[in-house]
Amino acid sequence: MNTPIQPLLSVRDLKTYFMMDEGVVKAVDGVTFDVNSGQVFGIVGESGCGKSVTMKAVLRIVEPPGKIVHGEILLNCKTKDGDCQVIDLAKLDANGKEMRSIRGAEIALIPQEPMSSFSPVHTVGDQIIEAIMLHQPVDKRGARQIALQMLKDVGIPMPEQRLDEYSWQLSGGLRQRAIIAMALSCNPRLLIADEPTTAVDVTTQAQVLRLLRNLQQQRNAAIIFITHDLGVIAQMASYVMVMYLGLVVEQGPVDDIFHASKHPYTQALLRSIPSVNSTPRVELPTISGSIPHPFNKPKGCPFHPRCVKSMPGKCDVRTPALLPVGEKQWVSCFLYHDVEVAA
Amino acid sequence: MAANLPVEETLVSHLVSKAEERVSVASNWQLVWWRFRKNRLAIISLIVLVFFYAIVLVPDFFSTQDPEATESALAFIPMQGISFFDSSGFNLSVPAVVGKRNPVTLRMEWKIDETKKVPIRLFVQGYKYKVLGLFETDLHLIGPTDPKSADWLYLFGTDRLGRDQWSRMMFGTRTSMTVGLVAVALSVIFGVLLGGISGYFGGWPDMIIQRLIELLQSLPTIPIWLAMSAALPQGWRPDQVFFAITIILSLIGWTTLGREVRGRFLSLREEDFVLAADLAGCSRFRIITRHMVPAFMSHIIATSTLAIPVMIINETSLSYLGLGIRPPAISWGVLLQEAQNIQTVAQAPWLLLPGVVVILSVLAFNLVGDGLRDAADPYGH
Amino acid sequence: MLRFIVQRLLILPILLVLFSIIVFWLVQAPPGDFLTSYVANLASGGSSIQEEQVEALRHQFGLDQPMYIRYLYWMRGLLKGDLGYSLEYQRPNSELIGERLVLTVLLALFAFAITWIVAVPAGIYSATHQNSLLDYAFALLNYIGVATPNFMLALILMWIAFAYLGINITGLFSPAYEQAPWSLGRLIDLLKHIWVPGIVLGIAGTARLMRVMRANLLDELNKPYVVTARAKGMSEWALVLKYPVRLAINPLVSTIGWMLPQLFSGSLIVATVMNLPNIGPLLLRALTQRDMYLSGSILLIYCFLTIIGTLVSDILLALVDPRIRMEGV
């Protein structure tokens with residue numbers, strides 16, 4: 001984050017709350033990170049940690065009753081003259097023209113469930129062409145050509161035929177590729193991949209990851225890779241952010257996080273990965289306890305009830321802030337500093 | 001982790017687990033009832049329905065006059081609104097009616113006289129009747145304080161033959177609510193039986209029953225009902241007509257339920273829990289009754305509850321047209337026959353009241369049925 | 001899919017023959033016949049008729065033949081397009097039925113159009129503006145609409161119009177145009193009158209359709225493909241109308257299958273109450289007067305309309321949902 005280059009996306013202290021009848025769910029409670037151009041940025045955490053909501057907030061598609069209540073989402077946009085301009089996405093009208101011209105064009109989403117991410121009553125081609133025509137000044141024929149090229153780029157055989165088929169006529173793997181094609185159709189500078197490998201089998205997973213890596217290198221697009229699978233992060237990402245209960249607990253270069261993790265949660269996560277090299281007949285370490293109910297967030301550090309290194313009197317009262325430890329790593333834990341989050 | 005928790009926490013967690021335990025051992029019906037209870041509209045509607053069915057059981061108790069008594073001089077007496085308070089506190093009373101003979105038509109015309117009040121009260125003595133044909137009594141819910149007074153009580157007015165509409169409404173309620181219930185009960189029996197056979201056994205029985213269902217569903221309901229009803233001999237007694245109408249209504253009504261039951265059985269047959277029961281050695285009968293039927297029983301009950309109001313509307317419509325329940329039997333539809341003429345209605349709008357009661361009962365059934373359906377749906381939460 | 005429709009079209013005549021037998025038996029089943037009720041009517045009116053005259057008439061009308069002979073007469077006539085002869089009105093049935101049939105179908109189609117034009121947008125609004133004031137208002141109207149029998153609504157409307165506005169909303173034409181031949185003026189007159197019975201007839205269906213539309217759309221709005229469309233940068237309204245609404249409407253199309261036949265048979269009651277020129281009241285009278293060829297023919301027409309309604313719905317469903325079109329039924 002202290003690099004001299006302007007980051008592509010800068011999220012500062014983002015807070016997204018859900019106002020429910022039963023109470024307020026603080027799904028994202030103060031998240032800060034930067035994504036640079038061409039970088040593969042991983043966000044990892046258990047279900048309910050807020051990684052999906054963060055992504056939706058960046059795209060401004062958080063569903064009501066969710067709202068961004070605080071923070072900035074700074075996007076580095078190239079205007080038509082070639083200058084760099086920084087826009088705060090949090091301040092735009094979610095359904096307004098400006099945000100909609102960014103959504104899909106500058107930032108694109110590869111959704112989680114390829115099975116149901118296409119409308120079953122419209123052809124695949126129809127939906128890809130629509131995405132193209134929303135953002136590019138081409139007519140239908142031109143859009144069709146672009147769509148064809150996209151399908152070829154993602155490795156779908158017989159693209160001419162596929163364009164006029166329905167999504168349920170394609171196999172799971174092809175559907176996933178088609179979704180990626182649609183996301184890339186307007187040449188976004190930032191791709192958000194929301195658990196792209198969770199819903200597919202292992203073989204397809206490998207293919208998809210390879211495809212994404214190639215495409216990312218070809219187009220120099222940044223990817224935010226959201227997943228709960230640490231193995232995928234190790235394969236794909238150069239930088240990773242670990243989330244828990246709406247807060248960032250640790251972030252840094254992948255090697256640092258994997259080999260020299262600082263936060264007890266990250267350490268516990270890494271320990272619990274089954275591995276070929278682990279000692280046989282020894283019990284697999286798990287993290288004790290379970291994720292608290294969103295209405296029952298613990299006071300102080302969110303992880304302290306399950307933390308083996310928790311310090312009573314400190315960790316259960318004050319919430320640690322995210323501060324650098326070392327050159328490129330950031331961690332929010334009182335083991336390394338004594339600064340708490342500003343109220 | 002629990003080693004040194006303070007005392008209050010252990011107590012709270014103890015209580016919490018007790019509540020959880022209660023939920024986990026509650027039967028399915030208890031769970032459904034607890035969920036249903038939270039729906040206030042449904043509970044209110046249920047109370048309304050209970051009240052209606054109380055009328056079904058003892059219509060005489062709620063009546064104030066003999067529903068058959070005709071007296072042409074008393075025709076078209078308007079509704080008497082009940083006042084709850086007067087100068088001396090809480091006293092029920094109704095305004096008196098005054099009659100005047102119209103010099104041109106020579107008919108009696110009645111008007112409400114607010115100045116004179118007839119005191120009434122609850123639980124009075126009135127005409128004698130038998131409760132459920134068992135024992136005799138003369139207790140009525142409401143009536144004039146002085147039973148021998150010359151002033152009368154016509155809470156809903158009278159019709160062109162001078163018959164008390166309130167009392168007739170009570171008896172009409174009995175008929176209409178019963179027809180609805182029995183017709184749906186028959187439909188359920190037909191539907192579950194035939195649909196079940198069709199869905200569980202498949203093959204030839206399935207084909208035949210399916211064709212039968214398709215055939216019946218291709219028939220236009222109301223015209224065929226009319227034809228069947230017109231086919232009933234004129235000489236039949238009212239109760240024979242009553243049964244015939246009920247059977248006619250259910251003969252075509254079972255098909256929708258039958259189809260649903262068949263669909264359920266077809267999909268349930270493939271379910272893993274059925275296979276598990278079979279592998280565990282359950283007899284076919286046991287699988288059907290203890291495993292498959294309970295899986296959709298609550299849905300059937302909810303659907304049936306929603307079918308009753310449809311039957312009520314059908315019976316009311318048929319009777320209104322003159323081809324349903326026939327006079328001298330009384331049903332809501334028969335009562336509404338008096339409202340066929342617009343001039344009559346303009347003169348005596350209270351004749352439309354049976355229609356309002358129909359709407360209320362149908363509303364109540366729909367709300368209860370919806371509440372049941374939502375409460376019984378295991379995936380609703 | 002095409003095969004399925006062709007199958008249904010082929011079965012149609014067989015079904016009609018089967019129904020004609022059922023129908024004819026129904027109208028013949030009760031004891032007595034047209035002359036029995038005719039004599040009874042005369043008697044209650046104070047006049048009478050000689051026994052021999054009755055027998056002669058019976059022979060003339062063919063009422064002394066066994067049932068299957070009468071049925072065959074009727075079928076032979078039907079195949080030639082002759083719907084038989086009305087004993088009461090002493091006119092060919094096709095004349096009596098003719099225009100009334102057209103108006104019956106028109107009324108049903110009108111009610112159908114009103115239903116969809118009102119229910120779909122209202123359902124979409126309710127689903128996208130959940131718990132708003134208008135949503136609650138619609139829900140209330142829905143409940144009452146479903147609970148009110150057709151004829152009750154007709155009666156109330158007629159009463160209010162008569163008692164408070166002094167107008168008569170019965171009938172489909174003003175007296176001037178009643179018997180006149182078809183013209184643009186007559187058509188306009190028809191439109192002026194048809195919307196009240198159309199609304200009365202369609203209210204229950206509209207209420208039901210609105211609730212189903214709302215429920216379907218609520219289900220669809222949470223689905224992943226909606227999120228994808230939003231993430232593409234589509235405007236909210238454009239994407240709601242193009243995607244989840246399309247999918248929410250599909251199951252509704254199959255309701256047309258029972259809605260059209262319901263409208264045809266339901267129009268019977270409304271037509272009787274509001275005194276409309278419709279085959280419904282004609283059937284009612286024919287049934288009570290035992291005018292067997294007339295009632296039989298009308299019943300058969302109702303059967304035909306019902307089957308056609310179901311078929312139309314299946315065709316529409318195939319047109320609208322490519323999943324059904326391509327994978328067969």
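# Report on a predicted three-chain model

Asn220(A) lies in the loop between α7 (202-219) and β8 (222-227) of chain A, where helices are DSSP runs of H or I with at least four residues, strands are DSSP runs of E with at least two, and both are numbered from the N terminus. The model is predicted, and local features need a pLDDT of at least 70, while side-chain atom pairs count only at pLDDT 80 or more and totals for chains, interfaces and linings use all residues. Residues are numbered from 1 along each chain as its sequence is written, and chains are lettered from A and ligands numbered from 1 in the order in which they are written.

## Backbone details

The phi angle of Asn220(A) is near 55°, which is a positive value in a residue other than glycine. Is Asn220(A) buried or exposed? Asn220(A) is exposed, with 10 other C-beta atoms within 10 Å; a residue counts as buried if 20 or more other C-beta atoms lie within 10 Å of its own, as exposed if there are 12 or fewer, and as partly exposed in between, with the C-beta atoms placed from the backbone. Asp13(A) also has a positive phi, near 50°, and is a residue other than glycine. The residue Asp13(A) sits in strand β1 (residues 9-20) of chain A, and Asp13(A) is partly exposed, with 14 other C-beta atoms within 10 Å. As background, most residues other than glycine have a negative phi, and most peptide bonds are trans.

| Peptide bond | Form | Omega |
|---|---|---|
| Pro64(A) to Pro65(A) | cis | about 10° |
| Pro327(B) to Pro328(B) | cis | near 10° |

Pro65(A) is found in the loop between α1 (51-59) and β4 (66-78) of chain A, whereas Pro328(B) belongs to the loop between α10 and α11 (332-337) of chain B.

## Two helices of chain B

Helix α8 (residues 238-269) and helix α10 (residues 284-321) of chain B pack at an angle of about 155°, and their axes are 11 Å apart. Because of this angle, α8(B) is roughly antiparallel to α10(B). The axes are lines fitted to C-alpha atoms, for helices over the stretch in contact, and the angles run from 0 to 180 degrees between N-to-C directions; those under 35 degrees count as roughly parallel, those over 145 as roughly antiparallel, those from 65 to 115 as roughly perpendicular and the rest as oblique.

Where two residues are said to be in contact, their C-beta atoms, placed from the backbone, lie within 7 Å. On the α8(B) side the contact involves residues including Ile245(B), Leu249(B), Gly253(B) and Leu257(B), and on the α10(B) side it involves residues including Met292(B), Ala295(B), Phe296(B) and Thr303(B). The residues of this contact divide into ten nonpolar, three polar and three charged, where Ala, Val, Leu, Ile, Met, Phe, Trp, Tyr, Cys and Pro count as nonpolar, Asp, Glu, Lys and Arg as charged, and the others, Gly among them, as polar.

## How the chains meet

Of the two pairs of chains in contact, chains B and C share the most contacts, while no contact joins chain A and chain B, whose closest C-alpha atoms lie 9 Å apart.

Between chains B and C, the contact takes 30 residues from chain B and 37 residues from chain C. Which elements of chain B give two or more residues to the side that touches chain C? They are α7 (221-230), α10, α12 (342-347) and α13 (353-376) of chain B, and the largest share, seven residues, comes from α7(B). By class, this side of chain B has 24 nonpolar, six polar and no charged residues.

Between chains A and C, the contact takes 22 residues from chain A and 18 residues from chain C. On the side of chain A, the elements that give two or more residues are α2 (97-102) and α3 (124-135), of which α3(A) gives the most, with three residues. By class, this side of chain A has twelve nonpolar, seven polar and three charged residues.

Chain C has 14 helices and zero strands, and its C-alpha atoms fill a box of roughly 85 × 55 × 35 Å, taken along the principal axes. Buried residues make up 40% of the 329 residues in chain C. Among contacts in chain C with a separation of 6 or more, 73% come from residues 24 or more positions apart.

A nonpolar core is a set of buried Ala, Val, Leu, Ile, Met, Phe, Trp, Tyr and Cys residues joined through C-beta atoms within 7 Å. Of the 252 residues in the largest nonpolar core, those that touch the most other members include Leu190(A), Ile223(A), Leu283(C) and Ile298(C). The largest share of this core, 15 residues, comes from helix α11 (residues 244-274) of chain C. Leaving aside its neighbours within four places in sequence, Ile223(A) is in contact with Val40(A), Phe41(A), Leu191(A), Ala193(A), Leu212(A) and Gln216(A).
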